[in-house]
Amino acid sequence: MNNLLKVALLQLLPEKNLSGQLKKGISACRQAKDMGADIALFPEMWSDGYEIPQDAGQLSSLAIDSSGDFIHAFGQLAADLDMAIAVTFLEKTDSKPKNSVVLFDRHGVRRLHYAKVHTCDFGDERMLLAGDDFFVTDLDTANGNVKIGCMICYDREFPESARILMLKGAEVILVPNACPMEINRLSQLRARAYENMTAIATCNYPGGKPDCNGHSSVFDGVAYHRHESGSRDMEILEASEEEGIYMAEIDMEALREYRSREVHGNAYRRPKKYGLITSEESYFSPHSESRR
């Protein structure tokens, strides 16, 4: 057992319809398995290539059931490949659709189902229904158990998202994404990894998808090695803009050793001082429609 968690980021251009997405997604997962992956992660809302029509009828026609054929196919594929798969989709509900991800373990068992909490209500995602909680699951891998959480794209911009996942035990956070990954957004991911001592793996669409530019990334969450002076670069992978499958190996033994001795995460928090964070009161309330 080598304690390396191998994550494949499926930085793929979308196809024109659901059947195309299914076919391309299955092929990419098979390639990821051939590359040795323990987990394959899709970019945000893979089922329709992150398309959000502003007409309610058109939007509804693109939404799919979380237990339908598309999602079921990836569960079966996970079992066939002995590899976990985090598949993303526009989820059909009784009201508005949700921006969701389902994580299947390597046995094809559904381990986590998360809907994006921080929907981009200043833009097209005003048409979507927000999720209402964050979840962490135990994921059985060939090299042992790993505690996995998920957040989606804009969730990244709220420190509370990763903080809650850390407090629930997450060691690795998977982040499906669909936006330009530039220095500031990459810095947010670095900060979330640093302050929570969690690994964070983000999968974006490549250049060629409007408003996306690749640069999928993995930060391993270990800022200091015990026997090395100074800090180290936690970014162990940053993809180019090109379409492709990008692999990173997260050293879980090193991460756990680091978490056992360092001062970040939950070590010296003062929760009783943070009341304003969970209050509706605010001294700064910009108009959401003026901000992106």
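Reader: Let's start with the sheet that holds β1: what is the order of its six strands?
Author: Keep in mind that this is a predicted model. The sheet is open and its pairing is mixed. Going from strand to strand, the twist averages 20°. Read across, the order is β5-β4-β3-β2-β1-β12.

Reader: Which strands are the edge strands there?
Author: An edge strand pairs on one side only. In the order of this open sheet, β5 and β12 stand at the two ends. The edge strands are therefore β5 (110-115) and β12 (244-251).

Reader: How many bridges join β3 and β4, and in which sense do they pair?
Author: Strand β3 covers residues 84-91, and strand β4 covers residues 98-104. One spot to look at is Val87, which stands opposite Val102 in β4. The two strands pair in the antiparallel sense, over seven bridges.

Reader: And moving along to β4 and β5, which residue in their hairpin takes a positive phi?
Author: These two strands pair in the antiparallel sense over five bridges, and Val101 stands opposite Tyr114 in β5. The hairpin has five residues between the strands. The residue with a positive phi, near 85°, is Gly108.

Reader: Which strands does helix α1 lie across, and at what angle does it run to β1?
Author: Helix α1 takes up residues 18-34. It lies across β1 (4-11), β2 (39-41), β3 and β12. Its angle to β1 is about 150°.

Reader: What about helix α6: which strands is it touching?
Author: Helix α6 is made of residues 252-261 and packs on the sheet. Its direction makes about 50° with that of β12. The strands it touches are β1 and β12.

Reader: There's another open sheet; which strands stand at its edges?
Author: Its six strands run in the order β6-β7-β8-β9-β10-β11, with mixed pairing. Each edge strand has a single partner, so one side of each is left without a neighbour in the sheet. Those edges are β6 (136-141) and β11 (235-238).

Reader: Which residue in β11 does Val218 stand opposite?
Author: Strand β10, residues 217-219, pairs with β11 in the antiparallel sense. That pairing runs over three bridges. Opposite Val218 you'll find Leu237.

Reader: Which strands is α5 touching where it packs on the sheet?
Author: Helix α5 covers residues 183-196. Its direction makes about 25° with that of β10. The strands it touches are β9 (199-203), β10 and β11.

Reader: Now the second largest pocket: how many residues line it, and which lie nearest its centre?
Author: About 510 Å³ of space lies in this pocket. Its lining is made up of 15 residues. Nearest the centre lie Glu160, Ile164, Tyr274, Ile277 and Thr278.

Reader: Which helix supplies the largest share of the lining of that pocket?
Author: Both α4 (159-167) and α5 (183-196) supply at least two residues. The lining residues divide into six nonpolar, four polar and five charged. The largest share, five residues, comes from α4.

How values were computed. Residues are numbered from 1 along each chain as its sequence is written. This is a predicted model: local features need pLDDT of at least 70, side-chain atom pairs count only at pLDDT 80 or more; totals for chains, interfaces and linings use all residues. Side-chain values use heavy atoms; hydrogens and water are left out. On a 1 Å grid over the protein atoms alone, a cavity is a set of points where a 1.4 Å probe fits but cannot get out, and a pocket is an open set with protein on both sides within 12 Å along at least five of seven lines; lining residues have an atom within 4 Å of a point. Grid points are joined across faces, edges and corners, and a volume is the space filled by probe spheres set on the points. Helices (H or I, at least four residues) and strands (E, at least two) are DSSP runs, numbered from the N terminus. Ala, Val, Leu, Ile, Met, Phe, Trp, Tyr, Cys and Pro count as nonpolar, Asp, Glu, Lys and Arg as charged, and the others, Gly among them, as polar. Axes are lines fitted to C-alpha atoms, for helices over the stretch in contact, and angles run from 0 to 180 degrees between N-to-C directions. Contact means heavy atoms within 4.5 Å.
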